Amino acid sequence: MKTNFICPKCRGYLNVDNKVIFTVKKKGWSGGIVKLSPELGDYAITHHPSFKFDDGDHFEFHCPICNYDLTLDGADKLAKVILHEEDGKEYFVVFSKIKGERCTYKISEKQVEESYGDHAGRNMDLLSATFFR
């Protein structure tokens with residue numbers, strides 16, 4: 001199924017050539033561009049070889065089009081984008097901004113539809129408090 005990833009602010013498309021593109025920054029580093037797999041649960045990342053990332057590094061993810069901070073309101077360690085599926089359905093995709101923390105969630109208006117990654121259980125209470133008030 002063909003899917004698109006969309007910025008929640010400008011609604012610009014974030015995926016190009018089977019990758020999802022973000023600008024990222026972290027404390028002490030001016031930033032750059034990273035490419036992530038569009039397959040939920042695939043944690044492959046592509047970036048310039050000069051970028052040095054360590055497990056535990058906390059990144060800020062931004063839309064490369066409008067520079068919107070993709071941080072999930074009320075959850076500083078999570079980012080949020082929109083997933084638009086071929087059938088027209090839209091979901092939020094929420095993922096960790098911490099290097100090495102493997103957790104991704106596909107969320108509808110009413111529930112977490114799917115979760116991925118070894119650390120997915122860590123944020124369920126936070127997601128419930130943020131999305132399903």
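Visitor: Which residue takes a positive phi in the hairpin of β2 and β3?

Guide: In this predicted model, that residue is Asp17, with a phi near 50 degrees. The hairpin has two residues between its strands.

Visitor: What makes β2 and β3 a pair of strands?

Guide: Two strands pair if at least two bridges are found between them. Strand β2 (residues 15–16) and strand β3 (residues 19–26) have two bridges, so they meet that requirement. They pair in the antiparallel sense, and Val16 stands opposite Lys19 in β3.

Visitor: Which strand do six bridges join to β3?

Guide: That strand is β4 (residues 29–36), which runs antiparallel to β3. Phe22 stands opposite Val34 in β4. The hairpin of β3 and β4 has two residues between the strands, and Gly28 takes a positive phi near 85 degrees there.

Visitor: How many bridges join β3 to strand β6?

Guide: Three bridges join β3 to β6 (residues 60–62), and the two strands run antiparallel. Here Val24 stands opposite Phe61 in β6.

Visitor: How many aromatic pairs does a search of the whole structure find?

Guide: The search finds eight aromatic pairs. One of them is formed by Phe22 and Phe61.

Visitor: Why is the pair of Phe22 and Phe61 called edge-to-face?

Guide: The ring centres are 5.3 Å apart, and centres within 6.5 Å make a pair. The planes stand at 80 degrees, and an angle over 60 counts as edge-to-face, so the name applies. This pair links distant parts of the chain, since Phe22 in strand β3 and Phe61 in strand β6 are 39 residues apart.

Visitor: Why is the pair of Phe22 and Phe95 called tilted?

Guide: The centres of these rings are 5.6 Å apart and their planes are at 50 degrees. An angle under 30 degrees would count as stacked and one over 60 as edge-to-face, so 50 degrees is tilted. Phe22 lies in strand β3 and Phe95 in strand β9 (residues 90–96), so the pair ties together parts that are 73 residues apart in sequence.

Visitor: How do you know whether Phe22, Phe61 and Phe95 are buried or exposed?

Guide: Buried means under 20% relative accessible area. Phe22 has 1%, Phe61 has 7% and Phe95 has 9%.

Visitor: Which residues do ring pairs link into a cluster?

Guide: The cluster consists of Trp29, Phe51, Phe53 and Phe59.

Visitor: What makes Lys80 a charge that lies over the face of Phe92?

Guide: The distance must be within 6 Å of the ring centre, and the charge must also be within 35 degrees of the ring normal. Lys80 lies over the face of Phe92 at 4.6 Å from the ring centre. The charged end of Lys106 likewise sits over the ring of Tyr91, 4.4 Å from its centre.

Visitor: What makes Cys7 and Cys63 buried?

Guide: Cys7 has a relative accessibility of 0% and Cys63 has 1%. Both values are under 20%, so both residues count as buried.

Visitor: Which residues of helix α1 are buried?

Guide: In α1 (residues 124–131), they are Leu127, Thr130 and Phe131. These residues cover an arc of only 80 degrees around the axis, which puts them on the same side of α1. The buried residues of α1 pack against β7 (71–72), β8 (75–85), β9, β10 (104–107) and β11 (112–116).

Visitor: Why does Glu90 count as partly exposed?

Guide: Glu90, found in strand β9, has a relative accessibility of 35%. Buried is under 20% and exposed is over 50%, so 35% falls in between and is partly exposed.

Visitor: Which residues does Glu90 touch, not counting residues up to four places away in sequence?

Guide: Glu90 touches Ile6, Arg11, Ile82, Leu83 and His84. Glu90 and Phe5 are 85 residues apart in sequence, and their C-alpha atoms are 9.7 Å apart in space.

Definitions and conventions:
Residues numbered from 1 in each chain as written. Predicted model: local features only at pLDDT ≥ 70, side-chain atom pairs only at ≥ 80, totals over all residues. Heavy atoms only, no water. Helix = DSSP H or I, 4+ residues; strand = E, 2+ residues; numbered from the N terminus. Phe/Tyr/Trp six-rings, centres within 6.5 Å; stacked < 30°, edge-to-face > 60°. Buried < 20%, exposed > 50% of the residue type's maximum accessible area, 1.4 Å probe, protein only. Arc of directions from axis to C-beta. Contact = heavy atoms within 4.5 Å.
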